[in-house]
Amino acid sequence: MDLKLSGFNRKEVLQYLRWTGSEIPPEVDTMIDECVAETLRVVQPRYTYRIFPIERETKSPPIAFAGQDIQTMLTTSERVVFLAATLGNGLELAIRRAQVRDLSRAIVLDCCGSAAIEAVCDLAEQEIKAELSDELYLTDRFSPGYGDLPIALQHEFIRTVDAPRKIGLTVTNTHILTPRKSVTALIGIADTPQTKRFRGCAYCSMFETCAFRKAGKTCGRE
């Protein structure tokens, strides 16, 4: 499914840039604005998803039982959404071109892509929720590589949703999604309101290397 992305969180772009809160120089501020506009112009947001019943006796679908964290998140869920989303190749090409001419611009574009793909996932989640009954609730999003959910499951995940054919999303032998600004995630569907169980540093795949955490900050997803 195609999505129209009209904007994304500029504050997140600054966080990905590791901006410390000091005043932004005018030339940097202008570059960020230009990169935000270019990102919105070149991305081709798409997503696909499938919904499966959770069968606890047979441990199906298997990915939903691959780690204790995901099982905890899905404790009160009877169904699970397999979501895959991507910005497409346009931004990848723009970043590569910028890397040749202006590395600073390439870095800003990359950070814009990180913020933009989260916005796409939020929009996709809203559309999925709109198709469900008002009496149903969604859990957090939980991706392979978070907590104890193995990142190697990316291969099975994209096969499950037929992502290569439907949205052009593939995965490398080292479990990296291509195009790089893409996300796969599990979302539980429950009939009771859901607490935010896993919005924190401990459940992020970047926990060990995160520059925000080492500086005593967070990326704002607590």
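Biologist: How many aromatic pairs does a search of the whole structure find?
Modeller: In this predicted model, the search finds four aromatic pairs. One of them is formed by Phe82 and Phe157, which are tilted, with 5.1 Å centre to centre and 40° between the planes.

Biologist: Which parts of the chain does that pair link?
Modeller: Phe82 lies in strand E2 and Phe157 in helix H6, distant parts of the chain that are 75 residues apart.

Biologist: Are Phe82 and Phe157 buried or exposed?
Modeller: Both Phe82 and Phe157 are buried. Together with Phe52, they form one aromatic cluster.

Biologist: And what is the geometry of Phe142 and Tyr146?
Modeller: That aromatic pair is edge-to-face, with 5.7 Å centre to centre and 75° between the planes. Phe142 counts as buried because its relative accessibility is 0%, whereas Tyr146, at 26%, counts as partly exposed.

Biologist: Changing topic, how many salt bridges are there?
Modeller: A search of the whole structure finds eleven salt bridges. Among them, Asp2 pairs with Arg46, with the closest N and O atoms 3.1 Å apart. Asp2 precedes helix H1, while Arg46 is in strand E1, 44 residues apart.

Biologist: Why does Asp2 count as exposed?
Modeller: Asp2 counts as exposed because its relative accessibility is 61%, and the cut-off for exposed is over 50%.

Biologist: What about Arg141 and Asp122?
Modeller: Their side chains meet in a salt bridge at 2.9 Å, N to O. Arg141 lies in strand E3 and Asp122 in helix H5, so the pair ties together parts that are 19 residues apart in sequence.

Biologist: Which residues share that network?
Modeller: Salt bridges with shared partners join Glu118, Asp122, Glu125 and Arg141.

Note on methods
Residues are numbered from 1 along each chain as its sequence is written. This is a predicted model: local features need pLDDT of at least 70, side-chain atom pairs count only at pLDDT 80 or more; totals for chains, interfaces and linings use all residues. Side-chain values use heavy atoms; hydrogens and water are left out. Rings of Phe, Tyr and Trp (its six-membered ring) pair if their centres lie within 6.5 Å; planes under 30 degrees apart count as stacked, over 60 as edge-to-face and the rest as tilted. Helices (H or I, at least four residues) and strands (E, at least two) are DSSP runs, numbered from the N terminus. Buried means under 20% relative accessible area, exposed over 50%, partly exposed in between (1.4 Å probe, protein chains only). A salt bridge is a side-chain nitrogen of Lys or Arg within 4 Å of a carboxyl oxygen of Asp or Glu.
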